[in-house]
Amino acid sequence: MATLTGFCFNTVDFTFKHRQIPTINHFKRPRNRYLTFPTDRPQLSLRNFDRFRCFSTNNGNDNGGEDNKTTTATSNDSTTATTEPPEVVEETQQKKVESPVSSRPPTPSSFGPAYSNFQVDSFKLMELLGPEKVDPADVKLIKDKLFGYSTFWVTKEEPFGDLGEGVLFIGNLRGNREEVFAKLQSQLVEVTGDKYNLFMVEEPNSEGPDPRGGPRVSFGLLQKEVSEPGPTTLWQYVIALLLFLLTIGSSVELGIASQINRLPPEVVKYFTDPNAVEAPDMELLFPFVDSALPLAYGVLGVLLFHEVGHFLAAFPKKVKLSIPYFIPNITLGSFGAITQFKSILPDRSTQVDISLAGPFAGATLSFSMFVVGLLLSSNPDAAGDLVQVPSMLFQGSLLLGLISRATLGYAAMHAATVAIHPLMIAGWCGLTTTAFNMLPVGCLDGGRAVQGAFGKNALIGFGLSTYTLLGLGVLGGPLSLPWGLYVLLCQRDAEKPCLNDVTEVGTWRKGFVAVAIFLVVLTLLPVWDELAEELGIGLVTTF
């Protein structure tokens with residue numbers, strides 16, 4: 001410990017020495033932005049501030065001796081400054097004025113870091129690996145060339161995109177939104193070429209509607225390399241092929257399982273009895289493969305017809321689709337397929353049309369097979385082609401169960417087993433798969449249709465209701481849980497916005513989507529036991 005007395009550091013004597021304190025003359029602050037001091041005083045700057053700070057703390061370094069020497073030297077300089085010649089004093093003062101207080105800007109560590117080093121490194125890594133942002137020079141050029149009094153007056157800019165890689169122009173619309181948007185798109189190509197995509201979206205956190213009617217709009221700018229999906233890779237083709245082969249196998253398995261009353265008892269016991277351990281000889285199933293092919297063809301035909309419907313609707317709109325990734329399932333043959341958009345949709349009407357085209361095509365073929373199968377099931381001439389299925393299966397769908405009950409009659413349905421044609425099973429499975437894919441949630445066909453017809457906010461409400469009904473088992477019966485997990489893992493996200501994500505679709509499109517959702521609910525809603533017993537759908541022994 002030491003005592004500082006009159007700028008003199010005494011390391012031996014710890015008593016205060018009586019010395020005359022020099023008079024400090026007041027000086028005026030110069031107009032220069034740098035600090036200056038009188039020539040008879042030592043200059044105090046941020047550079048030598050650490051020398052004086054060591055008297056209160058050593059800052060974790062045990063170098064008190066060095067600091068003592070430095071302080072003593074500084075004190076001696078202050079006492080001998082008045083004895084220097086005037087020329088030297090003037091030169092020294094000029095040098096002090098020319099040198100700034102500190103050559104380094106203050107760092108976050110000087111005032112307490114707002115982020116840890118790990119967070120800063122994470123931000124830098126995300127910026128390095130993230131998508132390329134819009135060039136500020138292009139933003140200025142677009143604002144000068146595109147926007148103005150006659151189109152859209154920009155008041156502020158905000159980040160746009162999933163990671164803020166784009167720019168959202170917020171302001172006031174100066175004309176019809178569709179006409180302005182078309183004009184801006186054509187001018188954007190003239191100014192920047194085929195480099196950016198311009199989106200017309202609803203203004204976030206808008207205080208009210210547009211005075212011209214409808215919501216207030218904003219324009220988002222993204223690079224095409226960022227906003228458009230990439231091409232299909234070789235591995236994706238390989239995965240799609242493997243999934244299609246597995247779907248063929250699951251469809252054949254469904255055809256074999258439909259002949260459960262003809263299969264060898266040891267095979268049936270192995271697949272139905274949980275206590276069965278010893279596996280039977282699977283070669284016993286080979287004779288049943290030929291009779292299982294018609295049902296497998298029907299299931300695969302519905303899947304392919306569904307995808308063809310999507311492609312036929314997308315082709316006139318110049319919308320590119322990915323190859324379908326079929327999802328095998330041993331209960332229905334398949335859960336359908338995942339088909340992605342490989343280009344940005346121009347508007348919401350196109351989104352509704354393409355989304356509904358696939359389910360409409362698949363449902364048309366499925367319902368045709370279902371009706372033909374029902375008619376063949378009641379035809380005595382086709383009795384040799386019929387298979388026996390448990391009557392409880394008809395309780396899986398309220399709509400299809402009622403149609404079957406009205407066609408086959410009470411006596412045929414109110415029994416332990418019902419003889420039906422394989423085409424009816426294929427149609428039933430196709431309609432069930434189509435109904436599952438038309439559920440208004442995520443990126444399913446139903447979710448895309450609802451998002452295009454009613455907006456993304458409506459999809460959120462429909463999605464929460466759908467997840468709740470699936471979780472409670474109200475829709476889909478025993479298939480509700482696996483289907484809900486499949487959607488959560490693969491198709492939970494909503495579709496990307498269209499280029500024109502504001503213009504409403506027609507009333508007839510909204511009505512068509514509403515009717516389709518209603519039919520989906522009737523198809524997936526099971527028949528409860530009391531109603532089944534009253535209507536004669538299946539043989540209900542206990543409630």
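The model I am reading is predicted.

**Entry 1: a helix pair**

I looked up helix α12 (residues 348-377) and helix α19 (residues 507-524), which pack at an angle of about 35°. Their axes lie 11 Å apart.

Next I listed who makes the contact. On α12 I noted Ser349, Val352, Asp353, Leu356 and Phe360. On α19 I noted Arg509, Phe512 and Val513. Sorted by class, the contact of α12 with α19 holds five nonpolar residues, one polar and two charged.

**Entry 2: a sheet**

I moved on to an open sheet of four strands. I read its order as β3-β4-β6-β5, and the pairing is antiparallel. Which strands stand at the edges? I found β3 (152-160) and β5 (196-202) there. Each has a single partner strand, so one side of each is left without a neighbour in the sheet. Neighbouring strands of this sheet are turned by 25° against each other on average, direction ignored.

**Entry 3: β5 and its partner**

I followed β5 to strand β6 (residues 217-223). Seven bridges join the two, which run antiparallel. In β6, Leu221 stands opposite Leu198.

**Entry 4: a helix on the sheet**

Last, I checked helix α7 (residues 177-192). I see α7 lying across β4 (166-173), β5 and β6. Against β5, α7 runs at about 160°.

Note on methods: Residues are numbered from 1 along each chain as its sequence is written. This is a predicted model: local features need pLDDT of at least 70, side-chain atom pairs count only at pLDDT 80 or more; totals for chains, interfaces and linings use all residues. Side-chain values use heavy atoms; hydrogens and water are left out. Two strands pair if DSSP finds at least two bridges between them. Axes are lines fitted to C-alpha atoms, for helices over the stretch in contact, and angles run from 0 to 180 degrees between N-to-C directions. Contact means heavy atoms within 4.5 Å. Ala, Val, Leu, Ile, Met, Phe, Trp, Tyr, Cys and Pro count as nonpolar, Asp, Glu, Lys and Arg as charged, and the others, Gly among them, as polar.
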